[in-house]
Amino acid sequence: MIGKLEKRLLAGIAILIGVLLLLVVYQNAQETGTRTYSISVLVHAPSERFKKGLEKAALDYNVDVHLITTDEPGNGEQQEAYLKRELQTDADAIVLEAEDAERMQAFLSKLSAHVPVVTYRRTLQRAGIAAHIGIDDYELGLRLGALIAARSPLLPCLLIAPRTLDSSMQSRLDGCYAALQSAGIASRLLQTDADGMTQALFAQEPHTLAVLDENLLQPLCQLAPATDTILGVGYVNGVRAQLESGRIAGLVVYSEFDMGYLSLQAAALCAARKTPAVTESTFYIADAETMYDAPVEQILFPID
Amino acid sequence: MKETHVFARVARRIASTYNRGSIRYVIFVSFTMIALFAIVLTGGTFYARFSSQLENTLYGENQMLVEQVTQSLNAYLRNMRWISDTISYRAVKNRDVPSVEANESLLLLYEANTNYIRNIGVYNDAGELLAIAPPALLRENVDVTQEEWFTRALHQSENQHFSMPSVQNLYMDAGTGTKTQYNWIVSLSSYIEITQNKSVRRGVLLIDLRYDALAELFENVALSNEGYVYLIDTDGTILYHPHHQLISSGLMQEANMDLASLRDGEYTQQIRGEECAVIVRKVGYTGWSVVGVIPHRGLMMGGGQNILFVLIILALYFAIIIVVNAYVSNKITDPISQLELSMQKLEKNIAGAEVYVGGSHEIRHLGRTIQQMVNQLKKLTDDIVAEQAQKQKSELNALQAQINPHFLYNTLDILVWMIEKQQPEDALKIVSALGRFFRLSLSKGKNIITVQDELEHVRNYLMIQQMRYKNKFTYTIEAEEGTLELSSIKLVLQPLVENAIYHGIEFMNEGEGTIDIRAYLRQGDLYLSVRDNGLGMPKETVARLLTEHVPVSIGSGIGLKNVHERIMLYFGEGYGVEIHSELDEGTLILLHLPAIPYAEAEKYDRKA
């Protein structure tokens with residue numbers, strides 16, 4: 001003889017038991033399988049240090065990384081096609097350094113925001129961008145300008161930049177101009193690439209040579225007159241000896257390892273529905289004196 | 001105060017509800033509360049016990065891992081010191097340095113230990129590089145006498161000295177004269193005595209150990225729940241850390257400086273906002289410390305997830321126990337409820353109720369016992385009813401037996417008188433009436449007769465009484481159509497008529513008395529009425545007539561109450577006798593009977 005109230009009570013308890021069982025199953029599933037995130041990293045010519053950072057973060061956050069680069073720099077169309085493909089393969093998050101910011105901006109604005117996108121270096125104005133891990137290129141230019149002013153305040157400065165100035169390079173240049181102007185140092189811009197660089201370009205009066213692109217450092221060290229002071233931003237492995245020997249008077253450096261690590265960390269946190277901090281890089285001055293001091297030592301000679 | 005009052009009131013209310021609740025409710029609530037208490041107690045005890053055991057086990061495993069790393073590191077460092085000693089004694093001591101033999105010995109020892117060693121260099125006390133393996137050049141403008149490893153080796157000659165990890169920056173490639181390799185090393189420097197140009201002088205042996213060989217000891221060690229192991233020197237400076245790069249950049253914080261002064265042991269530290277267990281093991285000789293860091297959530301069952309899991313399981317058990325309790329309490333109390341229900345039915349109608357017999361042995365026994373009691377009660381009631389009916393019947397029969405001789409004696413007197421007066425026709429009428437009267441009185445032993453027979457019976461009686469009372473009264477007998485074949489109880493009119501004659505008319509003058517007898521139907525029921533114009537009765541007497549046996553001095557002696565009870569006995573309480581009487585006006589007595597055709601009256605007769 002079960003009353004109506006008791007029937008309801010029993011039905012309620014049965015539902016409760018069902019819910020509790022589901023909770024147990026859900027919790028067990030969560031505990032038994034550590035979630036592996038699939039994150040696609042679409043960046044422009046990543047350095048080895050950046051890749052090392054990615055690898056470290058991938059280990060720490062259990063990420064399956066798909067590193068994708070375009071065949072040639074600035075190929076926004078190809079990057080867009082790659083991004084479409086990655087989104088179709090159910091990536092949990094994307095790390096994106098836009099090859100063509102405008103194109104990517106337009107493409108992303110059409111997307112629903114279900115896949116978190118972490119922008120690297122180049123910011124994109126789009127609702128739903130989950131985080132930005134960047135290098136403040138303007139600040140980098142300012143630091144270079146300050147370094148020039150500190151090391152070679154009396155000589156005119158030849159700013160050496162790539163032939164094509166993307167937004168990042170333009171920001172560096174603007175920052176550098178601002179610092180030089182403030183220090184009263186005359187400057188001139190030389191846009192060239194490694195192949196087009198000749199000794200004749202530097203044959204005039206002594207200069208301070210300031211390189212805005214780390215890829216131009218090595219050829220410059222070979223071609224520039226020994227009397228010229230070479231300063232720059234970034235580093236590649238080949239210039240460490242030049243730095244040690246004093247051929248390069250100073251570099252404004254940042255840890256690409258950190259950038260790689262933080263980019264993937266941010267993407268993994270976004271995929272796990274957590275909020276990463278927006279992080280900008282920290283810059284350090286590396287020269288023959290400081291290159292074996294922490295943290296520059298770890299930046300220039302990362303422990304593998 | 002007010003709150004206490006409210007709590008007391010709520011407690012009283014709960015206690016009252018509990019005490020007044022059904023047996024099922026009490027069983028259910030009691031079992032559930034006991035189960036809840038048992039679950040909480042058992043769950044809590046086991047949880048505390050197992051979490052403590054698990055914590056100890058995990059902690060022990062992690063301690064063992066840190067211990068193993070420490071032992072491996074000790075072995076590694078011992079090995080390095082042994083290599084240093086070997087180089088010192090076999091390659092350098094008692095040999096002129098530089099010399100081909102010394103260089104070859106050095107190279108041999110280097111090649112035998114390339115997995116651990118980057119470079120081996122022998123310096124004299126002036127900082128001059130005398131021998132090196134593999135071949136390399138000392139960088140220009142480098143003054144090793146200013147290097148810490150050099151001065152420490154010379155000043156603390158009894159010890160071997162390990163440096164901090166750093167990028168090797170002393171040597172250049174022997175072939176190119178440039179620096180192409182930038183390797184992380186840990187330098188082991190020690191004081192040696194060298195023979196240079198046949199003279200013994202002080203020197204320093206520098207062995208650059210591969211940092212990656214040292215790091216390998218730590219790299220694949222994973223402690224519980226993202227725990228890790230790292231190495232610090234006596235100042236707390238990190239020698240190895242799985243996140244060395246991030247710590248160096250300031251992107252990650254470590255509590256290394258706080259741990260430098262700690263001895264071997266286990267500690268708790270807040271690291272990056274999280275409480276962590278820290279295991280510290282000192283490394284012999286160097287004073288370095290191997291530090292194991294395990295977030296507490298990885299050691300304890302008390303993590304949010306685990307507590308939630310235990311609570312879910314306990315809640316699940318509790319829910320299941322509630323269902324089982326509901327089933328068990330229902331199983332136990334359902335037969336009692338059934339029994340109670342049948343008792344309720346029994347209260348309403350003892351005759352038709354069946355007592356529930358079911359459930360457990362005790363309840364079945366109880367049901368059977370109650371059923372037996374009910375059966376006995378019913379039997380006793382039936383017996384009492386039958387006894388009462390028999391008693392009434394016996395009483396009637398006894399009264400009838402009393403009147404008949406009296407009535408017969410009076411009638412025979414009349415007959416004698418009529419015969420003496422030579423009135424044979426009248427005597428014949430009386431004899432005939434008397435015969436019919438007695439025949440109808442007997443009615444073959446039936447108690448239910450037709451209205452026609454009852455009227456005929458009373459007609460014969462009145463005829464005889466009219467002769468006896470010398471026409472002191474007149475009478476009429478009328479019956480509506482359809483009433484004659486209806487049923488009546490035998491001898492219900494005769495006592496009324498007898499009462500009317502004896503109490504109403506006997507004292508009246510000749511021909512003044514009237515007795516009117518009628519049979520009629522009203523609202524589907526049969527009414528037999530006896531109306532006289534006699535003396536009538538006061539209301540008090542009328543009131544007593546149906547409740548008390550009013551003794552009659554003469555006549556049949558059958559009271560109105562007897563007639564009333566007999567009608568009710570046969571046909572139920574809705575029927576009986578009504579009396580309407582006015583002093584000096586007369587009396588009307590109504591017999592209210594159901595209109596039952598005589599053919600259907602057999603069952604009522606059997607009842608009698």
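1. Strands β1 (residues 37-42) and β3 (residues 93-96) of chain A run parallel and are joined by 4 bridges. Within this pair, A:Leu42 sits opposite A:Leu96 of β3(A). Note that the model is predicted.

2. These strands belong to an open sheet of 6 strands in chain A, paired in parallel and ordered β2-β1-β3-β4-β5-β11. The edges are β2 (63-68) and β11 (279-280) of chain A; each has a single partner strand, so one side of each lacks a neighbour in the sheet. Helix α3 (residues 76-88) of chain A packs on the sheet and touches β1, β2 and β3 of chain A. The direction of this helix makes about 175° with that of β1(A).

3. The contact between the chains draws 29 residues from chain A and 27 residues from chain B. On the chain A side, α1 (4-32), α8 (240-245), α9 (256-271) and α10 (296-300) each supply at least two residues. α1(A) gives the most, with 11 residues. By class, that side has 19 nonpolar, 4 polar and 6 charged residues.

4. Check two backbone spots with positive phi. Most residues other than glycine have a negative phi. A:Arg273, in the loop between α9 and β11 of chain A, has phi near 60°. B:Asn197, in the loop between β7 (184-196) and β8 (199-210) of chain B, has phi of about 55°. A:Arg273 counts as exposed because it has 7 C-beta neighbours inside 10 Å. B:Asn197 is also exposed, with 8 other C-beta atoms within 10 Å.

5. Chain B has cis peptide bonds too. One runs from B:Val97 to B:Pro98, with omega near 0°; B:Pro98 lies in the loop between α2 (23-92) and α3 (100-112) of chain B. Another joins B:Ala133 and B:Pro134, with omega about -10°. B:Pro134 is in the loop between β2 (129-133) and β3 (136-138) of chain B.

Terms used:
Residues numbered from 1 in each chain as written. Chains lettered and ligands numbered in written order. Predicted model: local features only at pLDDT ≥ 70, side-chain atom pairs only at ≥ 80, totals over all residues. Contact = placed C-beta atoms within 7 Å. Nonpolar A, V, L, I, M, F, W, Y, C, P; charged D, E, K, R; others polar. Pairing = 2+ DSSP bridges. Axes fitted to C-alpha atoms, helices over the stretch in contact; angles between N-to-C directions. Buried ≥ 20, exposed ≤ 12 C-beta atoms within 10 Å, placed from the backbone.
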